Amino acid sequence: MSRILVPCHVKGTVALQVGDVRTSQGRPGVLVIDVTFPSVAPFELQEITFKNYYTAFLSIRVRQHTSAHTPAKWVTCLRDYCLMPDPHSEEGAQEYVSLFKHQSPSMTFPKWLSHPVPSEQPALLCEGLPDPSRVSSEVQQMWALTEMIRASHTSARIGRFDVDGCYDLNLLSYT
Amino acid sequence: MLQEESDLSLMIAQIVQKLKGSNLYSQLERQAWASLQRPEIKLESLKEDIKEFFKISGWEKKLQNAVYSELSVFPLPSHPAAPPEHLKEPLVYMRKAQGSWEKRILKSLNSMCTELSIPLARKRPVGEQKELLNKWNEMGTDEPDLSLFRPVYAPKDFLEVLINLRNPNYENGDSLSFRTHLGLIQVPLKVKDIPELKECFVELGLNTGQLGIDDSTQVPPELFENEHVRIGQKVLAEQDSAAAQQYIRQGSPTALRAELWALILNISSEPEDVLYYEQLKTNVIQHDLLVDSLIYKDVKLTASNDDYYFVFEDYLYQVLLCFSRDTSVLSHFAYNSASPPKSYIRGKLGLEEYAVFYPPNGVIPFHGFSMYVAPLCFLYHEPSKLYQIFREMYVRFFFRLHSISSHPSGIVSLCLLFETLLQTYLPQLFYHLREIGAQPLRISFKWMVRAFSGYLATDQLLLLWDRILGYNSLEILAVLAAAVFAFRAVNLMEVTSLAAAEAVLADLSTLKVMPLLQIFLFATVT
């Protein structure tokens with residue numbers, strides 16, 4: 001079963017706060033991001049990947065169609081998933097995160113993401129997760145791959161720092 | 001859970017790739033081939049028999065040590081989507097700050113280059129090469145004119161950069177409030193408090209024997225010291241890195257220290273290593289670098305003036321000059337927030353085939369750098385072994401003391417840990433020192449950047465570095481700094497100026513580090 005990227009449209013964040021957004025001075029702790037999927041065909045979501053930016057807790061709600069005749073309903077897939085163990089310190093603040101299907105009940109279709117602060121958005125995909133019983137053969141494959149890469153480099157151990165015997169330099173470069 | 005299994009296989013693949021390029025791999029391969037001659041190796045059960053042979057002959061242990069070494073040094077594999085710079089440093093604002101700081105250093109070095117009309121690097125004429133080779137063992141007798149050279153930066157310049165670090169997403173207001181940090185460091189990194197430190201450094205507790213405390217002359221050696229030495233000899237006989245690391249948390253007997261550190265750092269002096277060092281020496285002979293003058297100047301200013309270390313002056317040149325030529329050091333930049341400076345061969349600016357790193361190892365020494373090497377000279381007298389130990393200490397620990405990162409053992413975290421400990425457990429002292437314009441970090445920063453080298457008596461320093469190795473962390477430096485302030489708190493409460501505070505803390509050479517640490521962590525009433 002191959003995995004593919006699902007095209008999605010990520011809307012801007014909307015703050016959840018009581019009162020008039022324009023006049024009230026308070027800074028809301030909860031923000032909402034709507035993610036819609038332009039393709040109509042249903043799909044089974046395996047993984048969501050994103051880079052965090054100072055979001056402490058994440059909840060995901062999904063609007064699911066169960067059948068053609070019943071109206072779609074909102075289901076909470078993830079509630080208050082902790083991304084930052086201590087929100088007042090930097091731990092987890094800018095980490096890359098993956099959320100998997102098995103961490104929540106089945107997810108199909110559009111999501112309603114809620115989180116405190118804007119986060120840069122997802123829709124990346126990584127390679128298939130290795131089957132637990134095939135870890136060893138996966139390692140062999142990676143080994144073979146790295147061998148191919150290594151074969152094209154000269155050994156770095158007795159490293160040369162010059163270029164053809166020349167180490168006559170200009171100034172240091174700033175780029 | 002599937003994620004953990006994929007993390008594990010990724011980690012295994014990375015370690016395997018790393019080890020495949022090592023001497024150990026070729027040795028194991030050779031041993032496996034040679035073992036085919038042995039009667040107990042049968043074709044039907046070849047794989048199992050060779051594995052058994054490795055176990056009995058001690059080669060499996062060597063492999064275990066190598067894997068353990070990789071695990072200690074390399075960070076856990078990060079998310080597959082994370083780019084390489086994320087592994088160096090996950091926080092964008094810290095990466096940017098490190099980049100700006102590096103740019104300043106490069107500008108400083110470039111202007112030194114143009115002002116003094118000295119090239120960054122030049123090939124030595126044959127006559128000069130011969131001369132240097134002849135006096136390789138006594139380079140300290142040279143008195144080159146270094147008056148025009150100045151260190152690229154000193155720790156206090158670096159401190160100013162750290163003080164100005166800000167997280168753009170952190171609002172703590174301009175005016176003093178309960179949210180601003182009272183110390184100099186204003187970034188909200190997570191640091192441990194004393195209960196967490198007690199858990200982390202449990203072997204330093206009051207009920208556990210320590211070298212540095214329980215080996216003093218008043219304590220009969222039968223109570224702890226003899227047994228501890230016996231266990232140390234056993235650990236060395238087993239040649240187990242992980243066991244050695246655990247053992248050394250209680251300190252290392254002087255006689256065993258050199259071997260124990262080599263075991264923990266997984267340094268074995270093979271002929272290939274000696275050959276590698278000789279190759280580096282040849283590189284030094286052939287090319288003269290501007291950085292060499294900085295090294296000379298640093299050694300002359302620091303180690304040569306130190307009562308304990310001036311005798312090792314020649315060793316320091318032999319290690320540091322070779323260190324600058326060592327391209328294998330470049331690999332540590334994968335997990336260091338810093339990046340090696342780049343240059344181009346003259347006349348080939350912008351052409352990537354002519355891009356090189358400068359210096360070859362990518363590390364520009366600063367004022368006091370040679371003090372990282374000096375204490376090691378007490379333990380190792382063979383230049384290539386001394387060199388290997390220093391290099392490994394640098395790529396495991398010392399690089400964190402002069403680069404900007406969010407790592408718990410990075411200098412920024414150490415500074416914040418120091419300030420937080422002082423503020424939490426000695427609030428009166430902290431407040432008083434602030435009031436008189438003597439922010440404690442301004443005094444303790446230089447101790448931590450140098451890992452206390454040159455400030456403590458050498459036997460005490462080595463006991464401290466035992467624990468750095470044992471816990472694979474530099475946090476103990478911040479704890480010791482706070483413990484020193486706690487120890488001299490009474491005198492410090494009476495001073496009324498920064499200069500007077502510095503005077504109280506100027507001489508640490510009489511301090512005994514282990515009692516200080518133990519009292520601060522385990523015996524202070526909070």
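This is a predicted model: local features need pLDDT of at least 70, side-chain atom pairs count only at pLDDT 80 or more; totals for chains, interfaces and linings use all residues.
Residues are numbered from 1 along each chain as its sequence is written, chains are lettered from A and ligands numbered from 1 in written order, and side-chain values use heavy atoms, without hydrogens and water.

Colleague: What is the area buried between chain B and chain A?

Modeller: The size of an interface is often given as the accessible area lost when the parts come together. Here that loss is taken with a 1.4 Å probe and summed over both parts. Carbon and sulfur atoms give 63% of the area, which is about 5,100 Å².

Colleague: Which element gives the largest share of the side of chain B that touches chain A?

Modeller: Contact, meaning heavy atoms within 4.5 Å, takes 63 residues from chain B and 46 residues from chain A. Between the chains there are 14 residue pairs in polar contact, both at pLDDT 80 or more (N or O atoms within 3.5 Å, one able to donate a hydrogen and the other to accept it; residues adjacent in sequence count only if both atoms are side-chain atoms). Helices are DSSP runs of H or I with at least four residues, strands runs of E with at least two, numbered from the N terminus; those giving two or more residues to this side include α6 (92-116) and α13 (271-286) of chain B. The largest share, 10 residues, comes from α1(B).

Colleague: Which residue of chain B forms a salt bridge with Asp168(A)?

Modeller: A salt bridge is a side-chain nitrogen of Lys or Arg within 4 Å of a carboxyl oxygen of Asp or Glu. The count between chain B and chain A is one. With an N to O distance of 3.4 Å, the partner of Asp168(A) is Arg346(B).

Colleague: Which strand of chain B is joined to β8 of chain A?

Modeller: Strands pair if DSSP finds at least two bridges between them. Ser173(A) stands opposite Lys342(B). Three bridges join β8 (residues 169-173) of chain A, in antiparallel fashion, to β3(B).

Colleague: Is Asp162(A) buried or exposed?

Modeller: Asp162(A) forms a salt bridge with Arg160(A), the closest N and O atoms being 2.9 Å apart. Buried means under 20% relative accessible area, exposed over 50% and partly exposed in between (1.4 Å probe, protein chains only). Arg160(A), at 64%, counts as exposed. At 13%, Asp162(A) is buried.

Key. Buried area is the accessible area (1.4 Å probe) that two parts lose on being put together, summed over both.
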